[in-house]
Amino acid sequence: MAMHEKKTIELEEGWEIMQKGITKLKKILEGLPEPQFSSEEYMTLYTTIYNMCTQKPPHDYSQQLYDKYKESFDEYITSTVLPSLKEKHDEFMLRELVRRWGNHKVMVRWLSRFFTYLDRYFIARRSLPALLDVGLACFRDLVYNEIKGQIRDAVISLIDQEREGLQIDRTLLKNVLDIFVEIGMGKMDCYINDFEEAMLADTAAYYSRKASNWIQEDSCPEYMLKAEECLKREKDRVSHYLHSSTEDKLYEKVQNDLLSEYSAQLFEKEHSGCHALLRDDKVEDLSRMFRLFNKLPKDLDRISHIFKQHVTAEGTALVKQAEDAASNKKAEKKDVVGLQEQVFVRKVIDLHDKYMAYVSDCFMKNNFFHKALKEAFEVFCNKGVAGSSSAELLATFCDNILKKGGSEKLSDEVIEETLEKVVKLLAYISDKDLFAEFYRKKLARRLLFDKSANDDHERSILTKLKQQCGGQFTSKMEGMVTDLTLARENQSGFEEYLKSNTHASPGIDLTVTVLTTGFWPSYKSFDLNLPAEMVKCVEVFKEFYQTKTKHRKLTWIYSLGTCNINGKFDAKTIEMIVTTYQAAVLLLFNASDTLSYSEIVTQLNLTDDDVVRLLHSLSCAKYKILNKGPTTKTITPNDTFEFNSKFTDKMRRIKIPLPPVDEKKKVIEDVDKDRRYAIDASIVRIMKSRKVLGYQQLVMECVEQLSRMFKPDFKAIKKRIEDLITRDYLERDKENPNLFRYLA
């Protein structure tokens, strides 16, 4: 049986078959009444191409068919598509474009299916552009490149209409802009170069025009509302029809033309700018300002600077107010320190609360604003009021809160909160060591005179201070609080001892508080000549203490003691609560009716200053237990004193106060001494590790090391360096006097 030869299809005859299919496709695209392709028709077209590409040369028509594939598009576009676009304008042109592009993609899809066989072998072998790409490129070269300028202008014109509040067809825009993306065939070049650049330039121009009017007419809050609304709408535009990659660029443009360009004018607006918003507590407007300028560091810095100025001014006003109040009090000869300063600290705390809330709520805890707040508070928190440094004021403020009956009755929570806030303020104070010393002095008084309201609060603030300033800051204070607990145990031990050793009765009730020297402030211990009754007590306690430890030496500090004495007056017996010193004076009058000033000084063995204070408290103050001759208000060496048996009072018990010595000078001297040691230690530490160092460098490192506790003065450091040179810790370089060497 003979093999049946497959008949060769010539190019013309094959193309005629294809032409029919293509014509049918065009009719469908033009919307003419034409049935869809049946699978038979599809197969016929596909097979025709297949056959024409697989015939033996010279009848392999792959190359010719590849060319004809492209010509089909070119012909259709030139004859039908372009003319239909050119006769329309604006929005109508855009609608036509979207329709034509949609059709074109359908045409490409169908034709490339008919010609699939080309893609598979011919194109792959010759590395030619794929069928889909050829189809899209035809539209790009013949349609898009021809009218892209008109498309762009029509789109931008619609966007501007929308900005002016007209309703536009957003779906249409979305579809047109998709063409810019798709025509790039995987790259964004067409979208960016042919549309986005021009649109961004137009946006800038649009908002520049708007802004230059608004900045004249609107207040700062009104302007910001408009700007925020514009930014929101532009974001909205991106989500509806612009490509997502445009968002940041668009936002930046609008931000630049609405905000950066006009920020200075906006912030400085006379009755509504940043100053005014802060002055009038316009929290919402300030939050909006932060939201708008959040991405513009230069402007944020500017706002934070205005914030800093504002807070500094408010704080400085509080200082002035407190100063004025204090000088009025002085004029009225009233108690200067005390209430006024307490009110001042309370106001500073409130100010801090207020602006801390601004930093976290309006300014989202942004670093610029934390820094601004810190710098502002450092300015006025280090000013001090009426001769008292802020370190002292804060310490007194704490004392008032922590001592019995000190502050207005506050709940435990409020006390905790307030202490927390005081410790935060301490962070702004450069003389932390001065605060520590004042605080320690006052803590000592609270603990020793049983004035502390609550142990938990005392411990709690020490924990807070420790976190803020480090362990060495609070170690002595913690020691003091612990000492008292130990002292109470010691006292119970003493009472047990007295019960079991009856021979050792001291004759009067005795409570002794034993403290560790290193923790407490230094107190003068004088050799007061104790009255006989008291000498016995001291001996008994010494015996008891020897049973506990052999190695500790007791130093008695009578200046901190108190006594309860019964005064047998004519009218009635009155119990008097006095200091040990006052008691020693009064007990002298059991042996003599009248004593001269000099006799009292001799018998007590105290300094004149102390004796004057004691006698004044007993003869010239509220309770006149002693009669003084002559009856003047001041004590002189020529005075004589006698027991006033006529004294009486409606109370059964009275407390006879001894005015406290003003310790401020001593505290400041102590702190200065400690600072000298600290600077010495720091210099030696630095030089030991560096061996050789220049003056500037040494000073800087020294300041750096010490700044946690105080701001050392350059002069002071220089003086300490000189001192260390004379003590042979350092030497100056022979060649360069600004260079120092460590001498081990």
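Guide: What follows is a set of questions and answers, each setting a value against the definition behind it.

Guide: This is a predicted model, in which local features need pLDDT of at least 70 and side-chain atom pairs count only at pLDDT 80 or more, while totals for chains, interfaces and linings use all residues. Residues are numbered from 1 along each chain as its sequence is written, and side-chain values use heavy atoms, with hydrogens and water left out.

Visitor: How many helices and strands does the protein chain have?

Guide: The protein chain has 28 helices and 9 strands, where helices (H or I, at least four residues) and strands (E, at least two) are DSSP runs numbered from the N terminus.

Visitor: What makes the protein chain more spread out than a compact globule?

Guide: The radius of gyration is taken over C-alpha atoms, and the globule rule is 2.2 Å times the number of residues to the power 0.38. For 744 residues that rule gives 27 Å, whereas the protein chain has 48 Å, which is well over it, so the chain is more spread out than a compact globule. Along its principal axes, the C-alpha trace spans about 160 × 65 × 65 Å.

Visitor: Which domains are assigned, and how far apart are the centres of domain 1 and domain 4?

Guide: The assignment, which is automatic or from a database, gives domain 1 (11–186), domain 2 (194–295), domain 3 (561–661) and domain 4 (664–742). Taken over C-alpha atoms, the centres of domain 1 and domain 4 are separated by 85 Å.

Visitor: Why are strand 1 and strand 6 said to stand at the edges?

Guide: Two strands pair if DSSP finds at least two bridges between them, and the open sheet of 3 strands has the order 1-2-6, with mixed pairing. Strand 1 (562–568) and strand 6 (653–655) each have a single partner strand, so one side of each is left without a neighbour in the sheet. On average, neighbouring strands of this sheet are turned by 25° against each other, direction ignored, with axes being lines fitted to C-alpha atoms, for helices over the stretch in contact, and angles running from 0 to 180 degrees between N-to-C directions.

Visitor: How do you know that strand 2 and strand 6 count as paired?

Guide: Strand 2 (residues 573–579) and strand 6 run parallel and are joined by 3 bridges, and the definition asks for at least two. Within this pairing, methionine 576 stands opposite isoleucine 654 in strand 6. Helix 23 (residues 580–588) packs on the sheet, touching strand 1 and strand 2, where contact means heavy atoms within 4.5 Å. The direction of helix 23 makes about 130° with that of strand 2.

Visitor: Why is serine 72 called buried?

Guide: Buried means under 20% relative accessible area, exposed over 50%, and partly exposed in between (1.4 Å probe, protein chains only). Serine 72 has a relative accessible area of 7%, so serine 72 is buried. Serine 72 lies in helix 3 (residues 62–86) and touches Trp15, Ile22, Met107 and Leu111, not counting residues up to four places away in sequence.

Visitor: How do you know that cysteine 381 is in no disulfide?

Guide: A disulfide is a pair of cysteine sulfur atoms within 2.5 Å, and the structure holds 0 disulfides. For cysteine 381, the nearest cysteine sulfur, that of cysteine 398, is 13 Å away. Cysteine 381 counts as buried, because its relative accessibility is 6%. For cysteine 469, also in no disulfide, the nearest cysteine sulfur is that of cysteine 398, 11 Å away. Cysteine 469 is at 2% relative accessibility and therefore counts as buried.

Visitor: Which peptide bond is cis?

Guide: The bond from glycine 629 to proline 630 is cis, with omega near -10°. Proline 630 lies in the loop between strand 4 (626–629) and strand 5 (640–643).
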